[in-house]
Amino acid sequence: MAHAAHHAEAARRKDIRNRWMLASPALVIIFLAAVGPLFVMLVYSFLAKGDFGNVKWEFSTQGWFNVVFYRDIFDDTLGFADANMTIFWRSVRLALITTGLTLVFGFPTAYFIATRQPNKRDMWLFLITIPFWTNILIRTFAMQEIVRNEGIINSALIWMGLIDSPIQIMFTEWAVLFGMTYVYLPLMVLPLYASMEKIDFRLVEAGYDLYATRLQVLRRVIIPLVKPGMIAGSILVFIPSLGAYVTPSVLGGGKNMMLGNLIALQFGAGRDWPLGAALSITLMVIVTAALLIYVRNAAKSGGGAHG
Amino acid sequence: MARRFSVTSQPGFVFLAMLTFFLLYLPVATLVFYSFNAGVSVAIWEGFSLRWYHTAMANEAVQEAALRSAFIAFIAAIIATISATMAAIATTRTPEYPGLTFKYAFINQPLMVPEIVTAVALLIVFSRIKIWTDYSGLGYLIAAHTAFCIPFAYLPIRARLESMDLTLERAAADLYATPFQAFRRITLPLLWPGIIAGFMLAFVTSLDDVVITEFVKSGGQETLPTYMLGQLRRSVTPEINAISTIFLGISVLFVTIFFLISRKKN
């Protein structure tokens, strides 16, 4: 008996060892070209900035200091780094509004798909999936055709006689907001659909039997049932919106930078790599916090939201 | 009897959903429309023409960037698919074992970090390696692309594996098949649709990447997306629309094949 147990244990150990071997190529590649560099960046955030970009190999907390504070180069007074704070606040604000807008448009859309005949759902889902797999740059450029001065919005408004000259939408926060909502909408619809598909409409029927209005049924029955999908979708939209780079740089121009652009700037014209590294880590911490909230919520509502 | 009461309907939802689909396709439709413009403007229609497609096809920078994109995507997707298949076999159809959760988290890590963060981290590390080794070829881009393609390749392969039970492999073992024979003759053929789907997702993901490529590429290593980004920052002619339309067509083709493959599974 003891011998057999020993044998089984040895076989199990061998199986686990084999499984590590099998997984190792993927783990090594991700370590070398994704995870590892993040640790190097953490080190860089504590080095002194080089004269022409890059770093000097001496310990310094200047990079982290510059995230929040700003020392005047002339009179050496200390102040808050207003520019950084403005960009931080803009990133968080635009990411939150984008999440809200995608929810407003995505919720009815996902509900619409989920309440079609089962054999027709695939076709509607496919229509959501196509933009999702279309290059983000192409979608941003497509949005540019809509918001530019000669674009569809302005042409339509002028044609209707509502305005005489184009409204400037391009290179404003509005353009960034429209663009991000457009680009990230599928990320909201897909998880929402996944949880709506599982709604048991007998519960909804029971609500109506008890004289609930449509709004009450929506608020008290449907929304609680699809909450995991709403949270999952919100996280999936919020995270890339917060770190967005392509959309704000094409549609927002230089005046409406978001965190992603501020980080990129430090590695380009700004030539302050330690500050850029510190900003990147700050962004990552915010994202991780958002993910942790999601994981806790998903655990609370019992089971994954992706179903 | 009055109109039948519909349990599922909500006021305004159909309208909002239709509006969403309309808004989702209007910008792309506009973009495609102006790619056929005879004039130089992307806003004023001057008649149908294929001139911008000819211009785009004849543009050597575009050809070169497109070929480079396809090459990187192909190599990265192949390496990513092979390693993701191995990783999927290692992480499915097993009771919980120490390190399993770690592997899940690690493989999905590239999805959790904003692209710009990974991009600048790679810039830091690769610029140092470039100085040390004096090598500045496409290897950096391929390595970076492979890493972020792995989770995309992993997803469908893992899903496919989880729907397969071990009965057939056990039967093969009972018939004295070696583990390799069982894999070659049983597991691999059954897993094939998942592997194809994983490869295609990885390929499209690599082909679409802008941010990481923009920061990792050395001089003269434009891919199609970074080339387009550069053009967008300058003046825009319908040539960009034409390139986008072709690119769009390729993506749609891939998604359609992917969709058909994953539907057949059910």
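**Helices side by side**

A: Let's start with helix 5 (residues 136–147) of chain A and helix 7 (residues 173–196) of chain A, which pack at an angle of about 135° with their axes 10 Å apart. That angle makes helix 5 of chain A oblique to helix 7 of chain A. Angles under 35 degrees count as roughly parallel, over 145 as roughly antiparallel, 65 to 115 as roughly perpendicular, and the rest as oblique. The model is a predicted one, in which local features need pLDDT of at least 70, side-chain atom pairs count only at pLDDT 80 or more, and totals for chains, interfaces and linings use all residues. Residues are numbered from 1 along each chain as its sequence is written, while chains are lettered from A and ligands numbered from 1 in the order in which they are written.

Helices (H or I, at least four residues) and strands (E, at least two) are DSSP runs, numbered from the N terminus. Axes are lines fitted to C-alpha atoms, for helices over the stretch in contact, and angles run from 0 to 180 degrees between N-to-C directions.

Back to our pair: helix 5 of chain A passes helix 7 of chain A in a right-handed crossing. (A crossing is left-handed if the near helix is turned anticlockwise from the far one by less than a right angle, and right-handed if clockwise.) Helix 5 of chain A brings I136(A), R139(A), T140(A), M143(A) and V147(A) to the contact, and helix 7 of chain A brings A175(A), F178(A), G179(A), Y182(A) and V183(A). Two residues are in contact if their C-beta atoms, placed from the backbone, lie within 7 Å. By class, this contact of helix 5 of chain A with helix 7 of chain A has seven nonpolar, two polar and one charged residues. Ala, Val, Leu, Ile, Met, Phe, Trp, Tyr, Cys and Pro count as nonpolar, Asp, Glu, Lys and Arg as charged, and the others, Gly among them, as polar.

I153(A) sits in helix 6 of chain A. Leaving aside neighbours within four places in sequence, I153(A) is in contact with I146(A), V147(A) and I169(A). With 15 C-beta neighbours inside 10 Å, I153(A) counts as partly exposed. A residue is buried if 20 or more other C-beta atoms lie within 10 Å of its own, exposed if 12 or fewer, and partly exposed in between, with C-beta atoms placed from the backbone. Most residues other than glycine have a negative phi.

For another pair, turn to helix 3 (residues 82–114) of chain A and helix 9 (residues 214–242) of chain A, which pack at an angle of about 140° with their axes 9 Å apart. Helix 3 of chain A and helix 9 of chain A are therefore oblique to each other, and their crossing is right-handed. The residues of this contact divide into eight nonpolar, eight polar and no charged.

Elsewhere in chain A, helix 11 (residues 259–267) is mostly covered: eight of its nine residues are buried. Among them are L259(A), N261(A) and F267(A).

Finally, look across to the partner chain. 68 residues of chain B are in contact with 71 residues of chain A. On the side of chain B that touches chain A, the largest share, eleven residues, comes from helix 1 of chain B. That side has 51 nonpolar, 13 polar and four charged residues. The predictor gives the complex an ipTM of 0.91 and a pTM of 0.90. Chain B averages a pLDDT of 91, and 97% of its residues score at least 70; pLDDT is the predictor's confidence in each residue, from 0 to 100.
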